[in-house]
Amino acid sequence: MSPDFLTPRPRRATTGDMSATADLRLSIVIPTKDRPRLLAAAALSVLDSLPDAAELLVVDDRSEPPVADALPDDPRLRVTVSEAEPGASGARNWGVANAKGARILFLDDDDLMLPGYPDWVLQQRADYGFSEVRIFSGMTAPPLSPFSAAGIDPVALIRPFRHQVAGLGCGFWIDREAFQRVGGIAEDIRVNEDTEFSIRLLRAGLSGLRSAAPGVMVRRHGGGPAGERGHLTHDARAAERANFFGMIVERHRDWLSSRPDAAQHLLRRQLKLLARAGDVAGARAVLAQPIAQQHRVSLRLYLT
């Protein structure tokens, strides 16, 4: 199993801080770094659909300049500066540690929340869940259609494995107790950390739900006009991403032996990236692992 990346961390002073005794049911957490214009749009989409007894917590992952001045003045909004490991995983862990809600709903700083989705999240009785997304491109968003619940499936029954992966940017929500139980998000896996986190959710036997209806609008962009950051996954090198998949396989080798579909999915992703990086020796080393034995015939295609 992976190490515990969610450790107790002290609270820092925040803006828009609410009473510590407030009985909050939901915290919507937005981790952010160097995307002030996109963040402002994301925050407004949340505030426009924020239920009662809920807060918006923005986690500033050491932005330059700090993000507080880019945000609206709203008593339901707090800002905290992350003191965790730099990166989205550390910022999300810091957000959960400093959130006041019993349930956490994540939103990326360049995406938008659909109206009604947070209310639906509060109505669910599972430990965690996620949704489909609606894609749009550019800096101008289309009208936000209200969330309409449809096609709700238990995660444990979904196949193949790739549809069980709880994308943290896909309207992902989780009870604070469940998040703490699995140890938070791996801070040493910079890309595809949601895949590793999903495996820990499955290993723990937590109850999850997947909504076929989109809960968020995901923005495709190459960065804002003022030099705002593009997508982290696109910036990561193929060899680096392949290494992260190798870490996931090694960390969960015992569980993957009982889930050959998941093992094949992870190995296929790793081999594709190694092929893209031109690392034939690395790909052959992956195929030589015992866990790859039953998949070698199909996986060899990625060496050509």
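## Alanine 40

Alanine 40 is buried, because its relative accessible area of 17% falls under the 20% cut-off. This comes from a predicted model. The residue lies in helix 1, which covers residues 36-47.

Leaving aside neighbours within four places in sequence, alanine 40 is in contact with Ala70 and Leu71. Aspartate 110 is 70 residues from alanine 40 in sequence, and their C-alpha atoms are 9.0 Å apart in space.

## Helix 7

Helix 7 has 14 residues, 238-251. At 1.5 Å a residue it should span 20 Å, and its end C-alpha atoms are 20 Å apart, so the two values agree.

The buried residues of helix 7 are Ala238, Arg241, Ala242, Phe244, Phe245, Ile248, Val249 and Arg251. An α-helix has 3.6 residues a turn, so residues three or four places apart point the same way.

## Packing of helix 7 with helix 9

Two packed helices are described by the angle between their axes and the distance between the axes. For helix 7 and helix 9 (residues 260-277), the angle is about 155° and the axes are 8 Å apart. Helix 7 is therefore roughly antiparallel to helix 9, as the angle is over 145 degrees. The crossing of helix 7 with helix 9 is left-handed.

On the helix 7 side, the contact is made by Ala238, Ala239, Arg241, Ala242, Phe245, Gly246, Ile248 and Val249. Helix 9 contributes Leu266, Leu267, Arg269, Gln270, Leu273, Leu274, Arg276 and Ala277. Sorted by class, this contact has 11 nonpolar, 2 polar and 3 charged residues.

Conventions:
Residues numbered from 1 in each chain as written. Predicted model: local features only at pLDDT ≥ 70, side-chain atom pairs only at ≥ 80, totals over all residues. Heavy atoms only, no water. Helix = DSSP H or I, 4+ residues; strand = E, 2+ residues; numbered from the N terminus. Expected span 1.5 Å × (residues − 1). Buried < 20%, exposed > 50% of the residue type's maximum accessible area, 1.4 Å probe, protein only. Axes fitted to C-alpha atoms, helices over the stretch in contact; angles between N-to-C directions. Parallel < 35°, antiparallel > 145°, perpendicular 65-115°, else oblique. Left-handed = near helix turned anticlockwise from the far one by under 90°. Contact = heavy atoms within 4.5 Å. Nonpolar A, V, L, I, M, F, W, Y, C, P; charged D, E, K, R; others polar.
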